[in-house]
Amino acid sequence: MAEAHPVGFRWVMKAKERGATIIHVDPRFSRTSAMADLWVPIRAGGDLAFLGGLVRHVLENDLHFHDYVAAFTNASVVLKESFRDTEDLDGLFSGWDEERGAYDTSSWLYEGDELDRPRRDSTLRHPRCVCQVLKRHFARYTPEMVERVAGIPPDLFRRVADALASASGPERTAAICYAVGWTQHSKGVQIIRTAAILQLLLGNMGRPGGGILALRGHASIQGSTDIPTLYDILPGYLGMPLPGEDVGTFTARLGHRSGYWSGFRAFAVSLLKAYYGRRATPDNDFGFAWLPRITRNHSHFAFFAEMMDGGVDGLFVMGQNPAVGAQHARFERKALSRLKWLVVRDMVEIETATFWKDSPEVTRGELVPSETGTEVFLFPAAGHAEKEGAFTNTQRLLQWREKAVEPPGDARSEAWFVHQLALRLKAKAEASNDPRDEAVRALDWWYPETEGGEPDMEAVLAEINGWRTLEGGAPEPGDAAGGPSGHVYARDRDGGSHHGPQVEGFADLASDGSTACGCWIYSGVYGPDGVNRARGRDAQGPYGHGWGFAWPKDRRILYNRASARPDGRPWSERKALVWWDESEGRWTGHDVPDFPTDKRPDYVPPEGATGMDAHRGDAPFIMHEDGLGWLYVPTGLKDGPLPTHYEPLESPLRNPLYGRQTNPAVNWMRRPENPFADSPDPKFPHVLTTYRLTEHHTAGGMSRTLSHLAELQPSFFAEISPELARDVGVPNGGWITIVTKRGVVEARALVTRRIRPLRVDGRVVHQVAIPFHWGTTGPVKGDVANDLIPLSMEPNVGIHEGKALLCNVLAGRRPGGRDAVSWLDAYGRGEER
Amino acid sequence: MAIGEGPNSANQARHAYVRDGITVGFFTDPTICIGCKACEVACKEWNDVPADDGVWEGSSYDNSGSLGASTWRHVKFLEQDGRLGVQVAGPMTGETEEPFRWTFTSDVCKHCEEAGCLEACPTGSIVRTETGGVFVQDDVCNGCGYCVVGCPFGVIDRRAGALPGAGGAFKCTFCYDRQRSGLTPACAKACPTESIQFGPLEELREQARRRLDELRVQGYDDVTLYDPTETSVRGIHAFFVVAGDPRALGLPLHPEAPTAFLAGAWTSALLASVGLMLAAVLAFALL
């Protein structure tokens with residue numbers, strides 16, 4: 001965190017100063033470790049076993065926060081008789097279909113199949129209740145097993161377990177922060193899930209100082225999942241339509257009968273109203289048919305594979321540099337050469353725009369510039385200080401950015417580019433009269449402009465917040481736009497009346513077309529009072545209300561109903577956050593309650609209740625059908641209702657826990673260009689992991705090209721232990737060659753005790769750590785670390801495995817030019833060295 | 001408390017030290033320095049200091065090497081055998097493996113009470129500011145380089161190239177221009193953990209003493225305050241918490257302004273010349 005989030009790490013240092021214990025678990029002793037009380041080196045890929053060991057420690061020693069767990073989690077829920085755990089099936093859950101390579105997840109549901117009416121055993125003794133299943137599931141994750149899998153000795157493990165257990169209960173909490181070191185695994189989602197189980201058991205969710213903090217990869221990555229650049233969800237995590245669906249069946253598939261997702265239809269219809277304006281009517285299903293449908297996997301790796309096979313004509317690349325930053329970059333660069341056209345928008349000429357003339361493939365004779373048919377259009381892009389808009393970062397905080405300076409020359413914002421592109425596409429669609437262009441013609445592209453044809457970004461924010469529609473009977477803006485009537489930016493680009501007053505928040509959204517909302521979870525950021533809350537810079541109180549806007553509804557801590565006892569009183573004065581005020585008959589406190597304000601803590605839903613009324617007054621997890629925190633996930637995951645340790649796709653050992661070596665549901669993306677080493681493989685004996693340096697920014701386009709940053713880390717290097725350096729025969733600063741089944745790179749050896757050899761499964765395992773910031777352009781150059789990484793897709797979200805794989809390290813520089821390819825092939829076959 | 005309240009902390013707030021003629025200082029506390037180098041970059045950005053060669057040094061994460069004409073803040077990365085307070089560095093606890101620690105110290109011009117560079121400067125280019133800083137007027141500097149050998153800390157250096165803009169001697173200006181506008185120097189302003197504190201010298205000294213007590217209670221048993229006052233530099237305006245031997249950071253135990261040796265040197269020279277004269281006279285007398 002100190003490495004990649006130095007500014008946020010200020011608060012960790014502040015906590016340390018106030019007496020918090022800082023524990024850092026990482027294969028490397030990084031800048032974060034240097035500041036920690038306890039550094040725990042771990043074998044990359046052993047995270048789930050380590051966390052599972054902690055879960056077992058808590059359960060076996062009865063250290064969980066009893067009252068919290070019994071009341072607020074699904075520990076008491078009874079599972080189906082047909083459910084089988086990995087304990088029973090040697091690493092598989094019930095429902096596995098070997099042929100499809102996927103699970104039938106129906107046996108994972110609660111007994112009775114009704115998620116909103118679970119059968120609970122408050123004694124937690126029922127043999128099929130989640131608590132007992134959880135205990136059995138994690139029973140084999142003993143400290144000895146943690147050592148065997150993760151290389152963490154029992155005394156070090158014990159220190160972590162004791163520290164965590166002591167930060168639990170009414171008076172104490174602990175937070176877990178993670179970044180891509182946890183996500184980029186073939187079981188990434190399940191690693192985070194294990195952390196969630198641990199935090200629920202310790203009573204650390206929804207409480208001050210608790211929680212799990214996802215540190216995002218760069219600015220507004222949270223924003224780009226909220227209002228997604230992902231192929232499979234619509235804004236506000238609504239999911240994407242399937243072929244043949246209408247609003248009704250779409251809602252039936254993704255909405256819930258109880259809990260907050262019961263509002264799904266209102267959120268979806270309001271989004272359609274924002275997209276299509278007056279063209280979205282009850283008669284045409286609010287234009288639902290115009291939305292694209294998911295027909296197959298269109299995630300990054302899947303479409304790059306299609307591109308390689310010649311199935312993709314054109315690509316827009318904005319704010320990304322896949323030629324350096326994407327996994328198996330060698331594969332991706334070659335795939336780019338199969339495009340007909342490529343638009344790259346960046347502040348500098350990045351490798352993705354120059355792959356055709358100076359990539360390693362050109363040097364190696366794999367790509368010939370004169371024969372590469374891709375037409376590249378490079379557009380100069382404005383930097384973040386050169387444009388207006390909002391960032392949404394860690395903690396779901398929207399922060400408005402003012403434009404500090406004009407962008408140089410022809411550089412323009414992304415918003416300008418997309419806006420101008422949309423205007424041109426719409427003009428073409430209007431002219432074509434082709435029925436297939438109707439979805440573009442129907443788009444309500446109303447955005448007013450500021451100087452230079454830039455769309456007014458606050459008008460976009462107004463749409464994201466949502467408004468009442470004129471066709472739904474809302475008053476016209478008249479002359480009062482921006483005034484007390486609640487109209488904000490209510491005139492379109494031609495000056496016509498466009499919409500009615502702003503909505504206060506998502507509770508106002510309706511499914512009859514009377515409201516429009518660009519992203520329901522952001523609703524409330526720019527309400528009828530005309531105050532852009534993302535712009536707020538007057539932080540008040542310990543939770544920072546007044547600085548920016550934390551979705552939803554400026555709630556700074558999610559599920560904060562859990563900060564009070566089931567009866568509504570705070571767990572302790574020290575950790576009071578929100579509580580039930582009996583005299584006022586409402587929830588109150590230091591944060592905005594993440595709960596229906598007037599729902600009594602002793603509320604019991606009547607038979608047949610739906611929506612939020614179907615939840616009890618002591619059910620804080622309002623997004624779930626049952627209102628409970630899910631130790632066990634009955635639906636939604638593709639690789640199991642409980643986290644299970646599988647080895648990485650490339651591993652130096654066989655899985656000591658189960659017969660199943662790897663996550664069964666993972667997509668290996670097997671193809672000739674994407675080979676994997678065996679597990680274990682004598683040709684690739686060491687564990688390779690990648691990371692980032694404070695001095696550089698991801699693929700380097702924003703840092704390698706700036707002299708004041710480039711000089712701070714001017715060269716690609718690899719961190720290895722003195723022990724491995726001795727074995728390889730390389731001094732500190734010497735050149736080494738790092739080879740995997742996919743690629744070969746050369747780097748300078750940074751020999752340091754900050755990397756320790758680990759004892760894993762009875763033998764010594766060396767780890768090699770490489771930062772991935774360099775490429776072929778800019779003032780400081782270096783080989784591309786991501787050339788070494790395979791393509792693969794984790795079952796739930798399609799994340800690759802970039803943090804744990806196998807490599808070998810050889811003294812000296814790699815073969816250059818055309819020899820590199822034949823050398824690599826020969827090495828992979830075992831014919832070299 | 002060392003880490004303050006962000007924009008509201010004393011370290012970051014507007015001030016009038018120049019107007020009021022208050023002597024200011026830097027207090028740098030490496031126990032909360034996270035090694036991000038924001039100070040190095042902020043310094044270069046604000047003061048328009050050019051980039052260096054950008055040579056990879058293979059010396060931990062330090063590629064700036066040392067303070068110099070184009071490096072006015074320098075974060076020293078030290079990987080040492082030894083404990084840092086009560087930190088448990090994985091297996092490196094001293095039981096099975098040698099203990100280990102990694103510290104980051106942001107070095108800077110000390111703005112000495114008795115500044116060797118200022119004393120040595122023949123052109124009057126180097127002056128003392130209202131707030132006690134040592135400031136090089138680069139439009140007066142003729143690039144003679146006397147100051148370079150005059151600095152006991154190896155801070156000031158000549159930048160290769162021709163005057164003006166290069167050719168002369170350069171070092172930390174204490175962000176005198178920012179100070180005049182009531183702003184904190186760029187390095188302290190940018191420091192995310194407020195490991196670099198800027199403020200009235202005596203207040204900082206008091207704060208540093210309290211911090212040292214705090215650290216000792218927390219188990220940092222080999223920390224000291226690097227603030228030599230008993231030598232000819234007579235005190236420095238940028239002082240540091242140091243773990244272990246300060247010489248590992250390039251901080252001499254007894255920094256001396258070379259001018260302190262002037263009296264002795266002139267006396268020796270005088271004695272030598274008198275001796276030589278006597279010898280010459282004697283030689284003639286004896287012949």
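Q: Leaving aside its neighbours within four places in sequence, which residues is A:Ile738 in contact with?
A: The model is a predicted one. In general, nonpolar side chains tend to be buried together in soluble globular proteins. Here, A:Ile738 is in contact with A:Ala718, A:Val745, A:Ala747, A:Val768, A:Ile770, A:Leu788, A:Cys807 and A:Val809, once its neighbours within four places in sequence are set aside.

Q: How many residues has the largest nonpolar core, and which of them have the most contacts inside it?
A: The largest nonpolar core has 238 residues. Those with the most contacts inside it are A:Val55, A:Val130, A:Ala718, A:Ile738, A:Val768, A:Cys807 and B:Cys117. Helix α10 (residues 188-201) of chain A gives the largest share of this core, 9 residues. Another core, of 46 residues, lies apart from it, with A:Leu238, A:Phe264, A:Leu272 and A:Ala390 among its members.

Q: How many residues does each chain bring to the contact between chain A and chain B?
A: In general, the size of an interface is often given as the accessible area lost when the parts come together. A count of residues is the description used here: the contact takes 41 residues from chain A and 31 residues from chain B. On the side of chain A that touches chain B, at least two residues each come from α1 (9-17), α2 (31-35), β2 (38-40), α8 (154-166), α22 (707-710) and β22 (744-751) of chain A. The largest share of that side, 5 residues, is supplied by α1(A). By class, the side of chain A that touches chain B has 21 nonpolar, 8 polar and 12 charged residues.

Q: In which sense do β2(A) and strand β3 (residues 88-89) of chain B pair, parallel or antiparallel?
A: These two strands, β2(A) and β3(B), pair in the parallel sense over 2 bridges. Within β3(B), B:Val88 is the bridge partner of A:Leu38.

Q: Which strands are joined to β11(B) by bridges, and how do they run?
A: Strand β1 (residues 24-28) of chain B is joined to β11(B) by 3 bridges, and the two run parallel. There, B:Phe26 stands opposite B:Ala238. Strand β10 (residues 223-226) of chain B is joined to β11(B) by 4 bridges, and these two run antiparallel. In this pair, B:Val223 has B:Ala243 as its bridge partner.

Q: Into which domains is chain B divided?
A: Chain B is divided into domain 1 (6-253) and domain 2 (257-287). Their C-alpha centres lie 41 Å apart. The contact between them takes 10 residues from domain 1 of chain B and 4 residues from domain 2 of chain B. Helix α3 (residues 116-120) of chain B gives the largest share of the domain 1 side, 3 residues. Chain B as a whole has 8 helices and 11 strands, and 43% of its 287 residues count as buried.

Q: Where is A:Leu124 found, and is it buried, partly exposed or exposed?
A: One may look at the backbone angle, then at the place, then at the surroundings. A:Leu124 has a positive phi of about 60° although it is not a glycine. This residue is found in the loop between β4 (102-103) and α6 (130-138) of chain A. A residue counts as buried if 20 or more other C-beta atoms lie within 10 Å of its own, and as exposed if 12 or fewer do. A:Leu124 has 18 such atoms within 10 Å, so it is partly exposed.

Q: Which peptide bond is cis at A:Pro552?
A: The bond that joins A:Trp551 and A:Pro552 is cis, with omega about -5°. A:Pro552 lies in the loop between β16 (549-550) and β17 (578-581) of chain A.

Q: Where in chain B is confidence lowest, and where is it highest?
A: Confidence in chain B is lowest in helix α8 (residues 262-286), at a mean of 89, and highest in strand β6 (residues 134-136), at 98. Chain B averages a pLDDT of 93.

Methods
Residues numbered from 1 in each chain as written. Chains lettered and ligands numbered in written order. Predicted model: local features only at pLDDT ≥ 70, side-chain atom pairs only at ≥ 80, totals over all residues. pLDDT = per-residue confidence, 0-100. Domains from an automatic or database assignment. Contact = placed C-beta atoms within 7 Å. Nonpolar A, V, L, I, M, F, W, Y, C, P; charged D, E, K, R; others polar. Pairing = 2+ DSSP bridges. Core = buried A, V, L, I, M, F, W, Y, C linked by C-beta atoms within 7 Å.
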